Amino acid sequence: MNFNHLFDDRELRLANKNSKCAQCHWLPASEGQASAAQNIAVQMYCKNCNYRTTVFMHVDDYKKHQKVITQEVNRVKTS
């Protein structure tokens, strides 16, 4: 599953520009961590070039995606 939809357009362009490959396929590297102002930080990595970045989401947005993020992180841990 591709998690590029978690980035806003500006963040996605910047993350793709800083990475080593032309078109990144972003996946969560860890579950969310609380940060200031009711935001959650989610570590992401590119499946193609292993570049890492952080996505900050509001708590409400994180709750919408929490189940699939957790499933992906657990899938990677067990394989």
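The hairpin of β2 and β3 has three residues between its strands, and Ala 37 there takes a positive phi near 60°. Helices (H or I, at least four residues) and strands (E, at least two) are DSSP runs, numbered from the N terminus. The model is predicted: local features need pLDDT of at least 70, side-chain atom pairs count only at pLDDT 80 or more, and totals for chains, interfaces and linings use all residues. Residues are numbered from 1 along each chain as its sequence is written, and side-chain values use heavy atoms, with hydrogens and water left out.

Strand β2 (residues 33–35) pairs with β3 in the antiparallel sense over three bridges; two strands pair if DSSP finds at least two bridges between them. Ala 34 has Ile 40 of β3 as its bridge partner. β1 and β3 are also antiparallel, over three bridges. β3 and β4 pair in the antiparallel sense over seven bridges. Asn 39 stands opposite His 58 in β4. In the hairpin of β3 and β4, five residues lie between the strands, and Asn 50 takes a positive phi near 65°.

β3 is mostly covered, with six of its eight residues buried. Buried means under 20% relative accessible area, exposed over 50%, and partly exposed in between (1.4 Å probe, protein chains only). The largest nonpolar core has 20 residues. Such a core is a set of buried Ala, Val, Leu, Ile, Met, Phe, Trp, Tyr and Cys residues joined through side-chain atoms within 4.5 Å. Its residues with the most contacts inside it are Phe 7, Trp 26, Met 44, Met 57 and Ile 69. At least two core residues come from each of α1 (9–18), β1 (26–28), β3 (39–46), β4 (52–58) and α2 (59–78). β3 supplies the largest share, five residues.

The 20 residues of α2 should span 28 Å at 1.5 Å a residue, and the end C-alpha atoms, 27 Å apart, agree with this. The expected span is 1.5 Å times one less than the number of residues. In α2, Tyr 62, Ile 69, Thr 70, Glu 72 and Val 73 are buried. The buried residues of α2 pack against β1, β3 and β4. Not counting residues up to four places away in sequence, Ile 69 touches Phe 3, Leu 6, Pro 28, Ser 30, Met 57 and Tyr 62; contact means heavy atoms within 4.5 Å.

Ser 19 is found in the loop between α1 and β1. Ser 19 is buried, with a relative accessible area of 10%.
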